[in-house]
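Please keep the sequence and the coordinates in view while reading.

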Amino acid sequence: MATRAASMQQCSALTVRFLTKRYIGEYDHQTDSRYKNEVMVDGEPVIFEIIDTCPKSDRDFPKEEIIQWADAFVLAYSIIDKGSFAYVREMRQMIENSRPSSPGGNQGQPPIPMVIMANKADLIHLRQVTAEEGFRFAKDHESSFVEVAASEHVSQIADAFYELCREVHAFRRRSKQSLLDRIKHGGKNCNKGEGSKK
């Protein structure tokens, strides 16, 4: 799972809040961080391995290997920073281009599991991005959406990660079925091709 935001504080605060239930307001990271932790989801232990990527500018996007590695993405922006929302929109497009879904995707994959997480919901008096904008963006890209405050909403943040985990499991089942269908369909084509040569 990869988390990404327009500023390091957004994702790190959300990731640490989810994994440890603690809130740390200040971060001084200049590199990507990797977390690995076992969490109970629906009564079952799940290992969450999270890469918390650190953009150094609004034109800095994660490397292709990270996009291909991740089973899911958390894209976070601040409701008090319109620029962070624009960054998340670009990031979403980059992921979509790198890992196309069907229909139209050349790999025939369902949409990659993703949650759009709007942070700083406790600062609504400074809001620059409406909840409707965030919800509409997420809906347009078949992603989940949640508006939270890392400083306050422990359970809502955890619930978003849990739901993303469930989506990953469903995604894997659909992808496995899609692969089996392609193999089966490809096998029929091969047999037909061989028959025509005889």
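This is a predicted model: local features need pLDDT of at least 70, side-chain atom pairs count only at pLDDT 80 or more; totals for chains, interfaces and linings use all residues.

The points below are grouped by topic.

**Largest pocket**
- The volume of the largest pocket comes to about 240 Å³.
- Its lining is made up of 13 residues, and those lying nearest the centre are Ile47, Phe48, Glu49, Asp71 and Arg172.
- At least two lining residues come from strand E3 (44–52), and at least two come from helix H5 (154–197).
- By residue class, the lining of the largest pocket comprises nine nonpolar, three charged and one polar.

**Nonpolar cores**
- The largest nonpolar core holds 27 residues, among which Phe18, Phe48, Met117 and Phe161 touch the most other members.
- Helix H1 (8–20), strand E2 (33–41), E3, strand E4 (73–78), strand E5 (114–119) and H5 each give this core at least two residues, with H5 providing the largest share, namely eight residues.
- Another core, of 20 residues, lies apart from this one and includes Ala70, Tyr77, Ile112 and Phe137.

- Met94 belongs to helix H3, which spans residues 82–98.
- Met94 counts as partly exposed because its relative accessibility is 30%, a value between the limits of 20% for buried and 50% for exposed.
- Leaving aside residues up to four places away in sequence, Met94 touches Phe61, Pro62 and Ile67.
- Met94 and Phe61 are separated by 33 residues in sequence, while their C-alpha atoms lie 8.6 Å apart in space.

Note on methods
Residues are numbered from 1 along each chain as its sequence is written. Side-chain values use heavy atoms; hydrogens and water are left out. On a 1 Å grid over the protein atoms alone, a cavity is a set of points where a 1.4 Å probe fits but cannot get out, and a pocket is an open set with protein on both sides within 12 Å along at least five of seven lines; lining residues have an atom within 4 Å of a point. Grid points are joined across faces, edges and corners, and a volume is the space filled by probe spheres set on the points. Helices (H or I, at least four residues) and strands (E, at least two) are DSSP runs, numbered from the N terminus. Ala, Val, Leu, Ile, Met, Phe, Trp, Tyr, Cys and Pro count as nonpolar, Asp, Glu, Lys and Arg as charged, and the others, Gly among them, as polar. A nonpolar core is a set of buried Ala, Val, Leu, Ile, Met, Phe, Trp, Tyr and Cys residues joined through side-chain atoms within 4.5 Å. Buried means under 20% relative accessible area, exposed over 50%, partly exposed in between (1.4 Å probe, protein chains only). Contact means heavy atoms within 4.5 Å.
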